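Have a look at the structure first, then follow along.

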Amino acid sequence: MSEDNRTASPDTIGRIIRAVSTNGVAGQTVTVPFVLESQGNEASISYTITFPQATLSNPVVALGSGVPSGTTFGLNTSQVAAGRLGVLVATGNAYAAGTRQMITVTFNIAAGATPGNYPVGLTNTPVGQSVSAAVGGTIFTDVTYEPGNVVLGATAAGVEITGRVTTPD
């Protein structure tokens, strides 16, 4: 059966946790959303965010717009100086199926950062990667973790302005 025509249960489709690529400018802040491609039965999600700490610093976490009511989060900041921030997002209610913003992380961008792509990844140290169900505590193994980038441009608009100014004689 082709992939387009198959019927699968939520447990066989899989879940994706993604750092959404975002544009930024040196010397300013940038907010990176983290989303869950939910199957509609997830409740507790943990992972570690990785980032280049010489370029992105002072991570500030907020709950995202797609979390169920009653959601809380906890942080492990013990390795932030090494570019790793542990996150646990938990709720007693299941996420609705679909793309759901779990958290946002706002970073300071170094003033002297050069334009380019700066990876924001997901790993399992200091906080392990895990997704569990709202009912029964099942731990799902069909989870894909996808990194993103903070893309730094030369200006806020991503353009350079050149030319000369002339005055009338």
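I began with Phe 34, which counts as buried at 0% relative accessibility (buried is under 20% relative accessible area, exposed over 50%, partly exposed in between, with a 1.4 Å probe and protein chains only). I kept in mind that this is a predicted model, where local features need pLDDT of at least 70, side-chain atom pairs count only at pLDDT 80 or more, and totals for chains, interfaces and linings use all residues. Residues are numbered from 1 along each chain as its sequence is written, and side-chain values use heavy atoms, with hydrogens and water left out.

**Confidence**

I looked up pLDDT, the predictor's confidence in each residue from 0 to 100. The protein chain has a mean of 88, and 85% of its residues reach 70 or more. Residues 1–11 have a pLDDT below 50, and beyond near neighbours in sequence this stretch has 9 contacts in the model (contact means heavy atoms within 4.5 Å).

**Aromatic pairs**

How many aromatic pairs does a search of the whole structure find? I got 2 (rings of Phe, Tyr and Trp, the last by its six-membered ring, pair if their centres lie within 6.5 Å; planes under 30 degrees apart are stacked, over 60 edge-to-face, the rest tilted).

Phe 34 and Tyr 47 are stacked, because their ring centres are 6.3 Å apart and their planes are at 25°. Phe 34 lies in strand 3 and Tyr 47 in strand 4 (residues 42–50), so this pair ties together parts 13 residues apart in sequence (strands, E, at least two residues, and helices, H or I, at least four, are DSSP runs numbered from the N terminus). Tyr 47 is buried, at 0% relative accessibility.

Phe 51 and Phe 107 are tilted, with centres 5.0 Å apart and planes at 50°. Phe 51 sits in the loop between strand 4 and strand 5, and Phe 107 in strand 8 (residues 98–109), so parts 56 residues apart in sequence are tied together. Phe 51 is buried at 5%, and Phe 107 is buried at 0%.

Asn 58, in strand 5 (residues 56–63), has a positive phi of about 50°. A cis peptide bond joins Thr 125 and Pro 126, with omega about 15°.

**Ser 38**

Ser 38 belongs to strand 3 (residues 29–38) and is buried at 5% relative accessibility. Leaving aside neighbours within four places in sequence, its contacts include Tyr 95, Gly 98 and Arg 100.
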